[in-house]
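Here's a quick briefing to read alongside the model. Have the sequence and the 3D view open as you go.

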Amino acid sequence: MKYWREAFGEINGQTVWQYWLENRQGYQLAVTEYGATITHLVMPDQSGQMANVVIGYDTLADFVKQQAYFGATVGRVAGRIGQGAFTIDGHDYQAPINNGANTNHGGPNSFESQIWQSSVVEKDDAISVVFTLTSPDGENGFPGNLAVTTTYTLNEANEWLIDYQATTDKTTLFNPTCHVYLNLTGDFDQFVGQHTLQIDSDRFGAIQPDGLPTGELVPVAGSVFDLRQPQALQAAFDSENTQTKLVGGFDHPFLLNQTLGKADAILRDPESGRSITIDTEGNAIVIYTANGFGDEPKLTNQAIQPHQAVAIEAQMMPDAIHHTEFGNIVLHPGEQYQRRTRYKLN
């Protein structure tokens with residue numbers, strides 16, 4: 001294992017660092033202090049050809065311009081909060097609205113656009129970059145001084161690990177994710193329709209036209225949402241299902257079965273042979289098939305097009321504070337939040 005760091009750019013005179021981790025098989029993971037963001041994940045295809053498979057930029061300036069949360073740590077709360085309003089212990093709180101009538105991904109200028117502190121932990125078979133951030137009481141309307149740690153690890157088992165830890169001094173909400181966008185072809189001019197996706201989920205969360213969950217958990221059986229066996233993503237793009245037609249593909253949470261000994265999700269590109277197996281300690285994976293982009297900086301000579309990547313966001317169910325079946329995202333003083341997501345790279 002080895003690592004190196006490089007100056008990625010400056011914000012207000014402060015140097016922002018990027019770290020490159022590499023194992024003995026040549027797999028590489030690059031992460032930056034800006035947004036505790038993954039910028040590159042380099043892995044071989046079936047012929048041994050190495051390529052980056054995550055949407056990321058080579059300059060800090062491009063990351064600052066983009067608004068799609070490429071590779072970022074998202075929080076305090078991933079996904080939408082209905083009307084941005086929530087109640088904890090009888091106290092009403094209001095987060096800023098930044099997505100239609102709702103709050104999305106913690107509100108504006110949240111974890112994804114802040115500069116995190118960083119340190120490196122080296123072991124014989126793994127290297128970790130530890131990012132830390134303190135979100136002050138009242139930031140974007142959320143109560144409590146929240147101390148957050150996001151740790152990225154690359155190991156000799158060809159695994160990328162993300163570990164989240166957090167404590168708070170007031171009862172608050174916390175539901176982070178990594179908003180990684182994947183294209184396993186390694187060619188960002190190609191579309192991901194041929195990628196197959198398998199998810200161990202019997203039910204998905206229906207959404208409204210604005211993307212907010214309705215609260216209904218719908219059985220996947222007999223629908224394009226049945227990913228219990230591998231299915232090409234193109235099926236979602238072509239589907240006449242009312243839910244996929246709302247958004248032009250998937251932008252939906254899947255409630256995980258959490259079957260012992262079974263992977264939560266597997267993404268595979270048949271052409272390159274690359275695959276990533278995902279296991280998470282949260283209860284959901286949100287699948288967003290990159291159904292539309294704003295005026296993001298180009299990755300290649302062409303503008304980024306819909307369906308040129310798929311975001312796989314491991315988390316608790318979005319808008320869980322308003323739906324008891326969606327799980328608990330309330331963090332109390334004295335509790336130590338811990339959650340891991342493991343990506344096995346094949």
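In this predicted model, nine strands line up as an open, antiparallel sheet in the order S11-S12-S13-S14-S28-S24-S23-S18-S21. Its edge strands, S11 (117-122) and S21 (231-232), each pair on one side only. Strands here are DSSP runs of E, at least two residues, numbered from the N terminus, and two of them pair if DSSP finds at least two bridges between them.

**Ground rules**
- Because this is a predicted model, local features need pLDDT of at least 70 and side-chain atom pairs count only at pLDDT 80 or more, while totals for chains, interfaces and linings use all residues.
- Residues are numbered from 1 along each chain as its sequence is written, and side-chain values use heavy atoms, with hydrogens and water left out.

**Inside the sheet**
- S18 (residues 196-199) and S23 (residues 265-268) run antiparallel and are joined by four bridges.
- Leu 197 sits opposite Leu 267 of S23.

**Around Glu 156**
- Glu 156 is in the loop between S13 (146-155) and S14 (159-168).
- Glu 156 counts as buried because its relative accessibility is 17%; buried means under 20% relative accessible area (1.4 Å probe, protein chains only).
- Setting aside neighbours within four places in sequence, Glu 156 is in contact (heavy atoms within 4.5 Å) with Met 1, Asn 23, Arg 24, Gln 25 and Asp 125.

**Nonpolar cores**
- A nonpolar core is a set of buried Ala, Val, Leu, Ile, Met, Phe, Trp, Tyr and Cys residues joined through side-chain atoms within 4.5 Å.
- The largest has 58 residues, and Ile 38, Tyr 152 and Trp 160 have the most contacts inside it.
- Another core, apart from that one, has 18 residues, including Phe 8, Tyr 57, Ala 68 and Phe 188.

Key:
Buried means under 20% relative accessible area, exposed over 50%, partly exposed in between (1.4 Å probe, protein chains only).
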